[in-house]
2 protein chains.
Amino acid sequence: MAPELTLENAQELILNNTTTLFFEHVSLLEAGGRILAEDLRAGENLPPYQQSAVDGYAVSDGWADLRSSFTLAGHSALGDYPAVTLNSGEAMGVLTGGALPSGTEAVIPHEKTIVEGNQITILEKAKPGNNIKQAGEDFEAGTLMLPRGTCLDSGCMALLAAFGIDKVPVYRRPQVAIWGLGKNVIPCHLTPGPGQTRDSNEALLSALLQQEGAILVASELAGAMTKNEIADRLAELLAKADLIITTGGTYSDGENDSRRLFESIGAQVFYWGVNIQPGSHTGAARFGQKLLFSLSGNPAACAVGYQLFAAPALRAMQGMNPCPLRVQAACLNGFPKKSGSRRFVRGHASYTVKGWEVEVLAGQKPSMLRSLINCNALIDLPAGSPPVERGAVADIILLSNGRDFNPTTKA
Amino acid sequence: MAPELTLENAQELILNNTTTLFFEHVSLLEAGGRILAEDLRAGENLPPYQQSAVDGYAVSDGWADLRSSFTLAGHSALGDYPAVTLNSGEAMGVLTGGALPSGTEAVIPHEKTIVEGNQITILEKAKPGNNIKQAGEDFEAGTLMLPRGTCLDSGCMALLAAFGIDKVPVYRRPQVAIWGLGKNVIPCHLTPGPGQTRDSNEALLSALLQQEGAILVASELAGAMTKNEIADRLAELLAKADLIITTGGTYSDGENDSRRLFESIGAQVFYWGVNIQPGSHTGAARFGQKLLFSLSGNPAACAVGYQLFAAPALRAMQGMNPCPLRVQAACLNGFPKKSGSRRFVRGHASYTVKGWEVEVLAGQKPSMLRSLINCNALIDLPAGSPPVERGAVADIILLSNGRDFNPTTKA
């Protein structure tokens, strides 16, 4: 029996149950990539006073013609306001970012001048204000510089530095615990005995979590723990994590039933089972403001489930747009199977002169790792789709790095 | 006098002078996003033996019809090879990843079965091999799993874990020192005195360097140091950095002439001056296998210079494709100035149902920070371009996050 809940309904339930995390103040160099939790206004003008925009010569005549000459009245030192006032016919050497002598009407870049002794000839026509940074021209005191919700990119970082802001209010990064419930799963550095499998989900999820800015606070395997031990440990993990991802143990009649586990500690399950392939045996629960996700133990199903269910919650917790970018792409190769349920096929998307293209990656069984290598897109095949032919156009979801080109993520 | 060297010629010189860094071994959880420095072959079959791909029932008849019944011969425990052999008409409960009893011809997922006492009725037709992972079906022993040059994404990480590989050979991350040469530039946490400016380039460059996987090993300001002190310190920084970026001090007749500085310590300048705006006063030098870049002190010119000159070198040092993705985009607004030299205008690109679009960001003076906020693209306007009209199509360079959609970055 395929579950009836659609992906979109499950995602809506997730976002309805997700709370933006409280904010914290971090130092400037830690703020890159974080989401601003308050509006930031300019505390003063930037620049604070008139400055030269180039290395060159401040001139007293804002409309001086090509080949006009000026008498050099000195060079202004950086780190000081020039004490001199420029009189008519005078010029002064100035450096980028330096204060200008009073009487300056324009600045001529040094490469547009000829200096002979104390005479300067200019090689371009002056215009009043040229190469002068006016006080407040970048940001005026009191204006909104960065609204709440801005992702602090390198430019924002530079702006914060220019205003001397070293304590930056940003949404807290989600603390995440991951927990493998499969009894036969062992840490990857051990050699599997009979019937045992190395844990690959820790490495998979830790890389994916890092891309979303989440902090991995615990990564464990239940192994031979009893039901009671598992429930006790889950309660402990809930105390330190904002979100818990369990993998495996989704078998409803077996020992490691993650749904019963979630319910046994008092978490409220808000969906269980979603009508997709791979990973339909998936569910989510809420415990206070914390979220628990149960994903498949099969690596490809785990990766798909993470991207469709856990990643949007992690983005929403940080005040980001939860939705990845969807585009249409031409398939570079085919996919031979019909899709009963809606299916998410792993692909490698690229943008070429022909537009978006996607390669169906080899090894699409949920248990296989091969289709996760170079996977940067999920191909979204509707329920009842016939085999995909080469050249067909499909909807694809661009993963993680695609978000920057999503128009709706703009602050 | 605009310099004559084109951007492409400068970039070619940079790549000709760039050496891929030596490799190092890092632990698995540190390897995410790094570039593999050796071919990796499968040391064994994955999976190592036949396993169940689902939680369900191993059945003895690979062609069993819908509604066929089997007698339950037990449940196989995980963590062991089942000692039982399935006889005709028998089934056994198995768990995902578990070994299968001999005699298994197919596995039926538990949700496609009805269990009554020790009788199991299957709700779908069996097919031989269904839901069985064959030994080596994901990767066969000896096959090339990941070629040298692969960017280790989350899928690669999972694969390394599955093979128990904890020492991963990756190219070393470039160690970078940044150094502000402007005499009036002070650390951003200080309050500027007359004629002083807070350093915003440290915050800008540290965020940009992080995106390229580089490690910031030193960030300093020359301030009032003498020429000799600066040269001595530069030699010290060269001992610990693979690449040095200086900002400011590009004025050819002033005190902080970075070209003369580079030459004074014996570095070989391979270009100086590039015919672009902003930031034409830029240059690069080589000292052994180390690179030195001189960028403008003006923030927007510094950011453009970093993206066009330093970032490609940092990518090449790590064995990555140095070239960012270029696309054509419709301009959402205009840019009012003619461009004498080739000009790089800061923009925000997004991909919509209409294709790529780019917004010309406000505040395009090289000295201003405003155009760097939300900047994820450079609009490449050829020399002699008229003002850009809204709706015009322009070439744009997608910054950092765009690389994943570049077909040439595929391993």
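I began with the term helix, which here is a DSSP run of H or I with at least four residues, while a strand is a run of E with at least two, both numbered from the N terminus. I noted that the model is predicted, that local features need pLDDT of at least 70 and side-chain atom pairs pLDDT 80 or more, and that totals for chains, interfaces and linings use all residues. Residues are numbered from 1 along each chain as its sequence is written, chains are lettered from A and ligands numbered from 1 in the order in which they are written, and side-chain values use heavy atoms, without hydrogens and water.

**Helix α2 of chain B**

I looked up helix α2(B), residues 154–162, and found nine of its nine residues buried, where buried means under 20% relative accessible area with a 1.4 Å probe, protein chains only. These buried residues pack against β15 and α3 of chain A, as well as β2, β11 and β12 of chain B, and contact here means heavy atoms within 4.5 Å. At the N-terminal end I found B:D153 as the cap, with a side-chain oxygen 3.1 Å from the backbone nitrogen of B:G155. Just after α2(B), I read a positive phi of about 65° at B:G164.

**The two chains**

I then saw that a rotation of 180° with 0.0 Å of shift along its axis superposes chain B on chain A, with RMSD 0.1 Å, using least squares on the C-alpha atoms of residues with pLDDT of at least 70 in both. That is the relation of a two-fold axis. Because 100% of the interface residues of chain B are also interface residues in chain A, the copies meet through the same surface.

Definitions and conventions
Buried < 20%, exposed > 50% of the residue type's maximum accessible area, 1.4 Å probe, protein only. Polar contact = N/O pair within 3.5 Å; in protein donor to acceptor, adjacent residues only side chain to side chain.
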